[in-house]
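Work through the exercises below with the sequence and model open. Try each task before reading its solution.

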Amino acid sequence: MKNQPSLTPEQQKIMASVLGDHMSGPTFVEVEVPTKCKWYNIDTLEVRPFTFEDERDVLNPVNKNKNFLNLLLSKCVKGIEIQDLFMLDRDFLAYKIKEISTGSEVRMEITCESCGKKSLLEVDLSVLKTKPFEQELPIETTLPHLKKSIKLMPPRVKDEDFLTNFQLLTSNLWRFIEEIDGVVDDTVINAIVEKLPVTDVHFILKQIGLQDFGLQTGLNYVCACQHETEVEVSLTENFFGLT
């Protein structure tokens, strides 16, 4: 983009008369995340709407290899590095930033699994409920099959590369286990995980996924043919209205 010439005081005055309160740019507002910042070195987090400049930056081809969502949030979240956020807080903030930036309405095209009919579903994000995460960390629980105690830490954004598919996640499951039946050696924990009953592996995955907490983004949709299915309001570039 070409450099813009400097404006004269008179031109700045005209610009201010057009933009009004938007002249100084978006302001940050405090928001409460599902963890309530209990395990961060801060008490509160602040967010602001993304701007046209932010949009141009995250969609710039030079950033095509960067994580779109994390890059956008890094511009709009104040108080913490995005990499240090727990995943459920990161996702919650993404929905909130979308809501205050381009509105709370999201349109989704849905294809019925039963009759094949395509429908346009309009979702109001403001009605989605949030369940706070109030347990202590690490999560202390008992494996249902082996009946052994285990301590788990949910993933943060910096762990996201280990979560991209089932193979990677299960190969790195040991990273989210702090202790199992008193064992804290990572090498031994990794070897134990490889031999765990599948019931216990799935139990661990559910525990660290924290699916019952944070913003509840699943919705029940009933087609005209009366077939009911659950749909997920997913995070994409289109979700933010950027494409």
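**Exercise 1. Find the bridge partner of glutamate 46 in S3.**

Solution. The partner of glutamate 46 is lysine 78, in S3. Strands here are DSSP runs (E, at least two residues), and helices are DSSP runs (H or I, at least four), numbered from the N terminus. S3 and strand S2 (residues 45-47) are joined by two bridges and run antiparallel. Strands pair if DSSP finds at least two bridges between them.

The model is predicted: local features need pLDDT of at least 70, side-chain atom pairs count only at pLDDT 80 or more, and totals for chains, interfaces and linings use all residues. Residues are numbered from 1 along each chain as its sequence is written, and side-chain values use heavy atoms, leaving out hydrogens and water.

**Exercise 2. Work out the strand order of the open sheet.**

Solution. The order is S1-S2-S3, with antiparallel pairing. Strand S1 (29-31) and strand S3 (77-78) are the edges; each has a single partner strand, so one side of each lacks a neighbour in the sheet.

**Exercise 3. Describe how the axes of helix H3 and helix H4 cross.**

Solution. Take H3 (residues 68-76) and H4 (residues 87-102): their axes come within 11 Å and cross at roughly 70°. Axes are lines fitted to C-alpha atoms, for helices over the stretch in contact; angles run from 0 to 180 degrees between N-to-C directions. H3 is therefore roughly perpendicular to H4 (65 to 115 degrees). Next, list the contacts (heavy atoms within 4.5 Å). Leu69, Asn70, Leu73 and Cys76 of H3 meet Arg90, Asp91, Leu93, Ala94 and Ile97 of H4.

Methods:
Parallel < 35°, antiparallel > 145°, perpendicular 65-115°, else oblique.
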